[in-house]
Amino acid sequence: MKLIIGLGNPGKEYQDTPHNAGFMALDQFSSSHNCASWSDKFKGLISKDNLEGKGFILLKPQTFMNLSGDSVQACLSFYKIEHADILVVSDDLDLNFGKLRFRKKGGHGGHNGLRDIILKTGSDGFNRLRIGIGRPQGKQSVTSHVLSKVGSDQQIDLENSLGRAVTHIKEFILGLPIEIQNEQILSEK
């Protein structure tokens, strides 16, 4: 069983913001693969299904980004999923908008959702797929940047990156190597 976690913040005011890239990727994967309906469980929304005979769970924590570990830990405790079978999909300020990065394990890189998951699960040995949202331009604060709606000039790049993320989520579920072309694949460090 694989667990794919999309990070974001619940609520309509956070929809379509760069910080919700993880939620968007899971929503797009769920829609494109006709996954089971979302249900409220483990302080999050889950969808349990299978793809080509491989079981998986999609989880969108509803605890707000900085407390994502509460939902993840509850799900892990119930299903007894190994850390190597977890993929966390999140935004990344340090990647140019629309770029992707895959890493098999590592630190939180300043991301509070990843920081809380590491803290609450006691491990950094899970896979990460990061979707670049770039740094704020000019005098815009980081908070304003990550919580503002995605601009129309960035919408195509976002849609393309989410489509590629869906492909990589499928590869992860099927146990295929994740190969990100012309972007960044970082092996274990």
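# Close-up views of a predicted model

**Figure 1. A salt bridge links Lys-2 and Asp-85.** Asp-85 has a relative accessible area of 23%, so Asp-85 counts as partly exposed. The structure shown here is a predicted model. Lys-2, by contrast, has a relative accessible area of 17% and is therefore buried, since the cut-off for a buried residue is under 20%. The closest N and O atoms of Lys-2 and Asp-85 are 3.2 Å apart, and the two residues form a salt bridge. Lys-2 belongs to strand β1, while Asp-85 sits in the loop between α2 and β5, so the pair ties together parts of the chain that are 83 residues apart in sequence. Side chains of opposite charge can pair when their charged atoms come close.

**Figure 2. Arg-101 and Asp-92 pair through their side chains.** The side chains of these two residues, Arg-101 and Asp-92, meet in a salt bridge with an N to O distance of 3.7 Å. Both Arg-101 and Asp-92 are buried. In the whole model, the count of salt bridges comes to seven.

Figure 3. An α-helix has 3.6 residues a turn, so residues three or four places apart point the same way. Lys-120 is partly exposed, with a relative accessibility of 30%, whereas Asp-116 is buried at 8%. Salt bridges that share partners join Asp-70, Asp-116 and Lys-120 into one network.

**Figure 4. Helix α2 spans residues 68-79.** At 1.5 Å a residue, the 12 residues of α2 should span 16 Å, and the end C-alpha atoms are 17 Å apart, which agrees. The buried residues of this helix, α2, are Ser-68, Gly-69, Ser-71, Val-72, Cys-75, Leu-76 and Tyr-79. These residues cover an arc of only 160° around the axis, which means that they lie on the same side of α2. The elements that cover the buried residues of α2 include the strands β1 (2-6), β2 (39-41), β3 (44-51), β4 (54-61) and β5 (86-92), as well as helix α3 (112-121). Lys-80 follows α2 and has a positive phi, near 55°.

**Figure 5. The close-up views in the context of the protein chain.** The protein chain contains five helices and eight strands. From the N terminus on, the elements run β-α-β-β-β-α-β-β-α-β-α-α-β. The radius of gyration is 15 Å, close to the 16 Å that the globule rule gives for 189 residues, so the chain is as compact as a globular protein of that length. The C-alpha atoms fill a box of roughly 45 × 35 × 30 Å along the principal axes. Of the 189 residues, 50% count as buried. Among contacts between residues at least 6 apart in sequence, 68% join residues at least 24 apart. The protein chain exposes about 9100 Å², of which carbon and sulfur atoms supply 48%.

Conventions
Residues are numbered from 1 along each chain as its sequence is written. This is a predicted model: local features need pLDDT of at least 70, side-chain atom pairs count only at pLDDT 80 or more; totals for chains, interfaces and linings use all residues. Side-chain values use heavy atoms; hydrogens and water are left out. Helices (H or I, at least four residues) and strands (E, at least two) are DSSP runs, numbered from the N terminus. The expected span of a helix is 1.5 Å times one less than its number of residues. Buried means under 20% relative accessible area, exposed over 50%, partly exposed in between (1.4 Å probe, protein chains only). The arc is that of the directions from the helix axis to the C-beta atoms. Contact means heavy atoms within 4.5 Å. A salt bridge is a side-chain nitrogen of Lys or Arg within 4 Å of a carboxyl oxygen of Asp or Glu. The radius of gyration is taken over C-alpha atoms; the globule rule is 2.2 Å times the number of residues to the power 0.38. Accessible areas come from the Shrake-Rupley method with a 1.4 Å probe; for residues, only the protein chains shown count as cover.
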